[in-house]
2 protein chains.
Amino acid sequence: MDDRKLTMLMDFYELTMANGYYVDKKDKEIAVFDVFFRSIPDKGGYAIFAGLEQVIEYLQNLKFGKDEIEFLESKKIFDKGFLNYLSNFEFTADVYAMREGTPIFPHEPILVVKGPIIECQLVETMILLTINHQSLIATKAARIVHAAKGRSVIEFGARRAHGYDASIYGARAAYISGVLGTSNTYVDFKYSIPALGTMAHSYIQSYEDEYTAFKAYADVYPDSCVLLVDTYNTLKQGIPNAIKVQKEVLDPLGKKLKGIRLDSGDLAYLTIQARKMLDEAGLEDCKITVSNSLDEYLIKELISQGAQIDTFGVGERLVTARSEAVFGGVFKLSAIEVNKKLTPKIKISENVQKTTTPGFKQVYRFYDENCMAIADVMTLFEEEIDASKPYLLFDPDYVWKKKMIETYNVKPLLIPIFKKGKLVYETPSLEEIRAYHKQEFNTLWPAVIRLENPHEYYVDLSEKLWTLKQKLIKKYKR
Amino acid sequence: MDDRKLTMLMDFYELTMANGYYVDKKDKEIAVFDVFFRSIPDKGGYAIFAGLEQVIEYLQNLKFGKDEIEFLESKKIFDKGFLNYLSNFEFTADVYAMREGTPIFPHEPILVVKGPIIECQLVETMILLTINHQSLIATKAARIVHAAKGRSVIEFGARRAHGYDASIYGARAAYISGVLGTSNTYVDFKYSIPALGTMAHSYIQSYEDEYTAFKAYADVYPDSCVLLVDTYNTLKQGIPNAIKVQKEVLDPLGKKLKGIRLDSGDLAYLTIQARKMLDEAGLEDCKITVSNSLDEYLIKELISQGAQIDTFGVGERLVTARSEAVFGGVFKLSAIEVNKKLTPKIKISENVQKTTTPGFKQVYRFYDENCMAIADVMTLFEEEIDASKPYLLFDPDYVWKKKMIETYNVKPLLIPIFKKGKLVYETPSLEEIRAYHKQEFNTLWPAVIRLENPHEYYVDLSEKLWTLKQKLIKKYKR
């Protein structure tokens with residue numbers, strides 16, 4: 001977070017509620033809040049969890065300074081004792097979360113805060129903001145990278161991002177999901193994610209003609225020469241000029257043109273023609289990069305049309321997740337201490353999908369003998385699953401849909417991040433997160449990954465948790 | 001920008017191009033770059049310009065520190081002289097821009113940078129990023145505020161914004177376009193935009209029942225009591241409990257319930273019923289606020305159904321501009337020095353709409369005798385318009401469409417911001433920007449403002465500029 005003081009970045013109601021709890025002497029009651037989401041963007045089959053590192057940074061540095069306290073004081077609605085509490089604020093709660101890069105599914109907790117209700121409430125906005133943003137972009141990037149079928153994808157969206165952080169953390173999230181690099185130099189400077197790029201149309205236009213511009217560029221960058229060929233006419237001028245640069249500038253130096261980029265036109269047709277022309281000129285290793293409002297759907301279409309593309313530069317539609325710009329993570333109370341006993345809470349809704357799952361929970365992921373993910377099961381936190389015994393999966397809504405599994409591996413997805421406010425998690429490097437993402441993404445069946453009508457991955461409840469939920473629903477309905 | 005060092009936040013190609021210009025000794029050539037956009041989000045009739053203040057902050061603080069230079073050095077592709085130039089970087093260009101809050105239209109320059117080409121290129125990414133983001137949100141907010149027909153709109157989107165800056169500068173941009181306040185406390189702390197909010201469902205759930213929660217809240221906030229009434233059942237429990245709180249807690253204190261908030265259900269039906277119940281209880285002044293994935297379309301629909309709503313809380317669909325999350329501002333070369341003479345440049349495209357308008361330009365807005373905006377006319381920068389004489393407007397594509405106007409006022413929209421790198425513009429306060437927006441928005445005809453099939457506002461060229469453009473097109477086509 002670059003030492004910015006973002007403490008005040010919280011919805012005002014977190015403060016009015018927190019002050020209320022304080023005045024009412026409820027502030028120390030232990031509560032459990034779950035972060036989860038209800039539907040997957042773009043009707044996809046999975047989402048990708050990201051943003052945990054920034055949540056950790058935030059929680060470790062959460063302090064209310066003098067300026068903030070004075071500002072709150074000026075509102076004349078906050079109790080003096082409460083402001084004093086904020087001045088000495090220390091985060092003392094437990095946090096559990098999934099690892100960044102994990103494929104995640106609706107309704108399961110992806111992050112859990114367990115601690116004094118006053119603290120849970122104060123951290124709500126920033127936790128949601130961070131996770132909603134980065135998970136949105138990581139999810140979109142995973143879709144795009146998958147659609148590219150092994151070809152490279154570069155994040156090109158800085159100029160259309162929703163502010164500076166969106167360009168930075170968006171590139172970070174995209175990198176987790178397998179993007180090769182970014183156009184954003186800051187992200188390389190700060191996170192060592194490779195920054196890439198060569199020239200814009202303005203560079204070409206600033207010279208008297210295209211060839212002169214290409215020659216000038218090749219003179220300066222003989223080892224990394226990538227030329228933008230579509231300023232005037234890709235096939236009649238751009239590529240012939242690029243080939244001429246190879247012959248007249250690079251050949252004498254014993255260098256090869258590294259690539260060309262196209263940013264307009266019929267990319268399928270143009271790249272097929274470009275590939276032929278380059279190959280005929282002996283430039284078989286010259287890579288073709290394309291850009292121009294791409295996304296997973298257009299990439300899929302280009303590939304199916306036989307486009308000859310090595311690298312996709314994906315800008316605005318990735319960095320803004322344009323097709324669905326909202327990741328709807330919520331932060332819901334699932335348990336609270338009543339008479340010193342942690343008591344599950346449910347929020348009933350006429351809309352069945354909006355009824356919450358009560359209690360302090362764990363999520364287990366089951367894998368078959370080939371390490372493919374079968375289902376996630378939400379359980380009470382303390383439940384353990386003995387993988388040496390068969391396990392009965394059942395649909396929580398249509399309970400007659402059952403499946404006994406015999407040979408499986410299982411692992412808990414929520415791992416401890418903070419214990420009583422102390423960080424107990426060793427934050428992995430971005431490269432480790434990226435590798436973990438790749439490994440876990442590969443456990444998903446193709447039917448779950450596909451863009452159109454994906455298979456709905458199973459997210460079930462353990463029998464104990466299901467029984468608890470039914471009991472609370474019945475109690476409420478009386 | 002909170003003293004963050006965002007210098008490296010630029011597309012990498014800005015640096016490779018800048019280094020190329022430097023090595024080629026072209027770096028000091030004076031160039032003109034226009035920021036403009038090609039299409040209005042959501043097929044609307046107007047957009048709103050925002051972000052200038054942050055562009056100014058950026059340009060004033062642009063320095064390449066030791067860490068940045070070392071980082072660039074490590075890339076092993078940049079000339080030593082270039083890195084030395086960056087170490088001593090000073091912004092020396094001229095910048096012209098429209099005032100924040102101005103309604104803007106496709107193809108007209110909204111910001112112009114005129115200066116050494118190396119500088120223009122280095123500042124491209126951040127200028128676009130800043131303006132694209134804030135103009136996107138200001139435009140969306142203007143649509144929403146207009147749809148609310150005088151009712152209040154509050155920005156509630158922090159938790160779904162694309163990162164921290166998006167929540168902060170998004171709220172700023174929304175405020176320019178007339179939103180009343182925000183949920184985001186930071187924005188109040190930093191920009192004095194009123195932060196508002198009372199309680200979430202978790203607050204209600206943390207008490208044994210709804211009435212106890214309401215009572216607790218009213219005890220703490222008797223002067224500003226707004227209650228969230230939809231946790232269990234709005235009409236059967238929530239509103240009766242709110243009325244009971246009035247009688248049992250607030251009446252004895254001589255206080256009145258300030259408002260209720262609904263976040264779910266059939267908002268038209270529920271608010272009509274709620275209004276009746278509140279009125280019957282003598283709470284005619286109690287305001288009704290609603291939220292729940294609102295946008296301009298839903299607000300229009302709710303109002304047309306007679307919903308009784310005083311305030312709309314608009315979250316994710318405003319802060320992410322979900323219906324069109326991309327504002328497509330571009331940064332295009334329009335002139336460059338050739339033999340010490342500023343020479344207009346054009347970029348031709350088969351797509352007529354994508355052919356740029358050459359030259360260093362001004363934009364004039366014409367108003368009729370009732371101060372309603374008639375048309376914008378792009379001219380050569382030095383052209384002057386004498387409002388005492390008739391002026392011939394004509395369509396640049398269909399030149400037979402002409403209109404002679406006799407009585408009009410006219411003003412240049414691009415005003416000097418920087419002269420040779422020095423700030424010459426007195427940055428207005430946010431309240432002044434907001435007032436300016438309101439004034440200028442009111443000059444738009446209802447036909448331009450309406451959501452469905454708005455009238456296309458005229459953006460014409462002066463005869464001189466039109467002639468220049470035709471000449472360059474012909475020259476290019478030969």
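**Figure 1. Area buried between chain B and chain A in the predicted model.** About 8,000 Å² is buried between the two chains, and carbon and sulfur atoms give 57% of this area. Within chain B, the residues that lose the most area to chain A are B:Arg159, B:His162 and B:Tyr164, which together account for 12% of what that side buries. The contact involves 98 residues of chain B and 98 residues of chain A.

**Figure 2. Salt bridges and polar contacts between chain B and chain A.** Twelve salt bridges are counted between the two chains. In one salt bridge, the side chains of B:Arg159 and A:Glu124 meet at 2.9 Å, N to O. On the side of chain B that touches chain A, helix α5 (residues 117-147) of chain B provides the largest share, eleven residues. By class, that side of chain B has 48 nonpolar, 26 polar and 24 charged residues.

**Figure 3. Crossing of helices α6 and α14 in chain A.** The axes of helix α6 (residues 164-176) of chain A and helix α14 (residues 430-441) of chain A come within 8 Å of each other and cross at roughly 50 degrees. The two helices, α6(A) and α14(A), are therefore oblique to each other.

**Figure 4. Residues in the contact of α6(A) with α14(A).** From α6(A), A:Arg172, A:Tyr175 and A:Ile176 take part. They meet A:Leu430, A:Glu431, A:Ile433, A:Arg434 and A:His437 of α14(A). The residues of this contact comprise four nonpolar, one polar and three charged.

Note on methods. Residues are numbered from 1 along each chain as its sequence is written. Chains are lettered from A and ligands numbered from 1 in the order in which they are written. This is a predicted model: local features need pLDDT of at least 70, side-chain atom pairs count only at pLDDT 80 or more; totals for chains, interfaces and linings use all residues. Side-chain values use heavy atoms; hydrogens and water are left out. Contact means heavy atoms within 4.5 Å. Buried area is the accessible area (1.4 Å probe) that two parts lose on being put together, summed over both. A salt bridge is a side-chain nitrogen of Lys or Arg within 4 Å of a carboxyl oxygen of Asp or Glu. A polar contact is a pair of N or O atoms within 3.5 Å; within protein, one must be able to donate a hydrogen and the other to accept it, and residues adjacent in sequence count only if both atoms are side-chain atoms. Helices (H or I, at least four residues) and strands (E, at least two) are DSSP runs, numbered from the N terminus. Ala, Val, Leu, Ile, Met, Phe, Trp, Tyr, Cys and Pro count as nonpolar, Asp, Glu, Lys and Arg as charged, and the others, Gly among them, as polar. Axes are lines fitted to C-alpha atoms, for helices over the stretch in contact, and angles run from 0 to 180 degrees between N-to-C directions. Angles under 35 degrees count as roughly parallel, over 145 as roughly antiparallel, 65 to 115 as roughly perpendicular and the rest as oblique.
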